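Welcome! Have the structure open and ready to turn while you read. We will go through it a few parts at a time.

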Amino acid sequence: MSSIPQDLIDPKQIALFDAIDRVSGFQGIDPPELVVIGDQSNGKSSVLEAIARFQFPVHDGLCTRFPIKLILRRSKEERTYISITPEPSRTVEEKELREFARQIPPHDDLKAWIERAATVMNVPSTVKKFSDDVLVIKKYGPDLPCLSLLDLPGLFRVETENQDRASRAQVEAMVQRYIKSQRNIVLLVVSAQSPFNTHTAPETVQKLLRDDPGLAERVVGVLTCPDMAQSPDEAISLLKGQVYSELSKHPWVTVKNQTNDERESRETLEERDLKEEMFFCEGRWQSVPQAQKGIKALRTTLKEVLWTHTRHELRGLIDEVRREIAKSENAIAGFGQPRDTREAQRAYLSNIVGKFQKLVREGVDGSYRNEDCKKSHLTQESCPDCTPFFPRFGDNSPESQERRLCSRVRALCRAFAIAMRRFGKTKIVVYDAEGGGAIDGASNDEELGERSLLSPDTIKEFYTHEEPSRTDPRSYERYVDDQIEQWRGGEPRGESSHRVYTGLFEEQSDKWLNIATKHLVATWKSVRRFVELALAAACSDSELRDSLKKHTIDPQLKELEQEATKDMKNLLHCHDHGMSGFYDSFIDFQRIQPHTRDFAGRLAHSLLDGYETAAAGKSGGFDSWYQTIGEALLNTILPKNGLFINDVVRGELVGMVRGTLAQLADTSSNTSPMAEGAAIKLAAQVGSTASKRVIEHVETYYEISMLAFVGYVNALVIGKGILQKLPDTILTHELVDGLDAETLKYIAGETTDVTEKREKEKQNLEVLKGVLDTLTAFHG
């Protein structure tokens, strides 16, 4: 029996490194590893064989196309295990790769199993490409050293038919990823057979050192093939630290490789060690310190560096394991207890319902309070329950607005009110500059666009409509006169039929239904998005969410939507055909008319007196005075007194006042009787014709109805009919209790996939807790 080789791992540390190996497959844990890098055909495989003390088929290219992790442990019995650790980006094939794990029968050829693994990883021997999947070989035996290392594919510079540019980039990225991990020790292998400046691996390390100077503490350099050195002097210079000294803080070590002829002649590794020892006792190699030459010296260096570095990284590794434990516990909590009984299924759903209702109620009320997590955590430990559903104050991003339902819907309601004011009428009467200015929606549009929480796309899609057509006062009166004649009933001449009033209002409010419908669509879009977010926060199981939506939430939302649409149309019908309840509000308008006539007379006197005073000291005539003083006063007095509640009456009065004042201004200075008469005449003309009366009444009725309609749609249909019903309607404990056994099982019953995932998480948790105990014991 051969002598037992020196271990890279002290027997007292085996439990620690075994624990580290057990967590190497967890994505959130970066365990320390000894990573071997080098160029292709630089003797790297021979060095590994000398360290590992057994020969495996790496010389025919099998293990050069994917990383291979070698774990060796001393045991009385010989046994070998082989498995594949998929790269993180693997999805569909991951299960097949993990299922490849098995124990190799004692007399089976390892080479054949490696070829099978290569086929599973989609890199068979017939295809020359590379994979990031890791082949794990774990061997136990009485003569094996204790070690763990990861051999990476060799770097190459020259592209060939079998190794193209994409392959080179893949290998370079793979090697750099492992080097950059500050947990890893890097064994940098360089061959003396070619000039050092032609090697890719040292150049790669040099580039990474620029961003991570501490990398030099983690690099151990080894020089191969000293007996075939292209320049022995350059090789000696490397060992003396005269070249590449910046790559490593540790002295370089040189080892003599076993040649292919020696391997084929069945030369043992012990014989190889003896030849190496004799070689370094001759010639110039005698000047090299004993600690820098031979495989024993390399093992000693690696053992010391590996243990020192691993011990230094334990604190960070413990923190990572604890975070993974928390993630695993959260995942298990998310699956809930096994749901194989009706009671368990109802209890599981009830917990989700409680969380969901609370979030919806907070969103509807506008309090936006997040529930405090009641779990115990480590410092900086992540926890889904600690992640707030409602955003922090100051976060005004579109994503955060979707969670503030009350604020979002109020912004929509405000946009609806502005849209009704701007786009609600079919026709608007436009007065010229002399008559009091044009009615323009620009200010409303500006307010909606600049001050709203809504995006321009939302405003354009739901709150932008066809502009009203524009007409002048005389044309509008003639149009109404024509409709009075067309719709004559039994009323006296000079009066209008009831149908003219209702017909003109129906024409003016014809767009209300479309504007209100789009408002409801926008509201439901926001409501459904909020419900989706709240459900996702209350239930982490996507399949269960889909079932809840299908069997409870969507039907309830559909019913609420139908009720809201019906309520909105009923409100609209309240204004159709001149509902008497709204006509009764005309008493206020009737009170206004006498005050209007009186105010018209006083206004004429006031403005005329102002003109006479100004004309005494200035020139320019009536037009100049009216433009600078009279028009401004008129436009201030009217709104301030609040006597006219619609634009038609105001516009008509403004035009008459100006025309009358123009006539009075051309008369003699004794204008008081004339002004009095003109004002009285003016006031009387306001309601003198049937068309004017119809217009006044319909415009007043429109203003009253529009304000009422907007208010009731926002308050009754949306506020009371939708928002206030959400928490206690769409997903409730009563709905869960009312589910029949079959539906309950369909919604909350546990699938095989969920059962398997829970069991896998439990196994992971058990592994992690065991590893944590071991790491903590070594860390002290």
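## Charged pairs

Arg488 and Glu491 form a salt bridge, and their closest N and O atoms are 3.3 Å apart. Which of the two is buried? Glu491 is, because its relative accessible area is 17%, under the 20% cut-off for buried residues. Arg488 counts as partly exposed, with a relative accessibility of 29%. Salt bridges can also be linked: through shared partners, they join Asp18, Asp21, Glu33, Lys69 and Arg73 into one network. Keep in mind that this is a predicted model. In total, 40 salt bridges are counted in it. The general idea is simple: side chains of opposite charge can pair when their charged atoms come close.

Now look at Glu324 and Lys327, another salt bridge, with 3.2 Å between the closest N and O atoms. Both belong to helix H10, where they sit three residues apart, or about one helical turn. An α-helix has 3.6 residues a turn, so residues three or four places apart point the same way. Glu324 is buried, at 10% relative accessible area, whereas Lys327 is partly exposed, at 44%.

Glu402 forms a salt bridge with Arg529, and here the closest N and O atoms are 3.2 Å apart. Where do the partners Glu402 and Arg529 lie? Glu402 is in the loop between helix H12 (398-401) and H13, while Arg529 is in helix H18 (residues 512-538), so this pair ties together parts that are 127 residues apart in sequence. Glu402 is partly exposed, with 28% relative accessibility, and Arg529 is partly exposed too, with 32%.

Helix H13 covers residues 405-423, which makes 19 residues. From its first C-alpha to its last, H13 reaches 26 Å, close to the 27 Å expected at 1.5 Å a residue. How many residues of H13 are buried? The count is 14 of its 19, so the helix is mostly covered.

Next, go to helix H10 (residues 295-335), where you will find Thr301. Thr301 is buried, because its relative accessible area of 16% falls under 20%. Leaving aside residues up to four places away in sequence, Thr301 touches Val220, Val253 and Ala291.

## The nine-stranded sheet

Nine strands make up an open sheet with mixed pairing, in the order S4-S3-S5-S2-S6-S1-S7-S8-S9. At the edges stand strand S4 (102-104) and strand S9 (253-255); each has a single partner strand, so one side of each is left without a neighbour in the sheet. On average, neighbouring strands of this sheet are turned by 25° against each other, direction ignored.

Strand S3 (residues 79-85) pairs with S4 in the antiparallel sense, over three bridges. In one of the links to follow by eye, Ile82 has Arg102 in S4 as its bridge partner. Helix H6 (residues 200-209) lies across strand S1 (34-38), strand S7 (185-191) and strand S8 (219-224), and runs at about 140° to S7.

## How confident is the prediction?

The protein has a mean pLDDT of 81, and 78% of its residues reach 70 or more. Over residues 433-446 the pLDDT stays under 50, and the model has 24 contacts for them beyond four places in sequence. Residues 637-646 also have a pLDDT below 50, and that stretch has 25 contacts in the model beyond near neighbours in sequence.

Terms used
Residues are numbered from 1 along each chain as its sequence is written. This is a predicted model: local features need pLDDT of at least 70, side-chain atom pairs count only at pLDDT 80 or more; totals for chains, interfaces and linings use all residues. Side-chain values use heavy atoms; hydrogens and water are left out. Helices (H or I, at least four residues) and strands (E, at least two) are DSSP runs, numbered from the N terminus. The expected span of a helix is 1.5 Å times one less than its number of residues. Buried means under 20% relative accessible area, exposed over 50%, partly exposed in between (1.4 Å probe, protein chains only). Contact means heavy atoms within 4.5 Å. pLDDT is the predictor's confidence in each residue, from 0 to 100. A salt bridge is a side-chain nitrogen of Lys or Arg within 4 Å of a carboxyl oxygen of Asp or Glu. Two strands pair if DSSP finds at least two bridges between them. Axes are lines fitted to C-alpha atoms, for helices over the stretch in contact, and angles run from 0 to 180 degrees between N-to-C directions.
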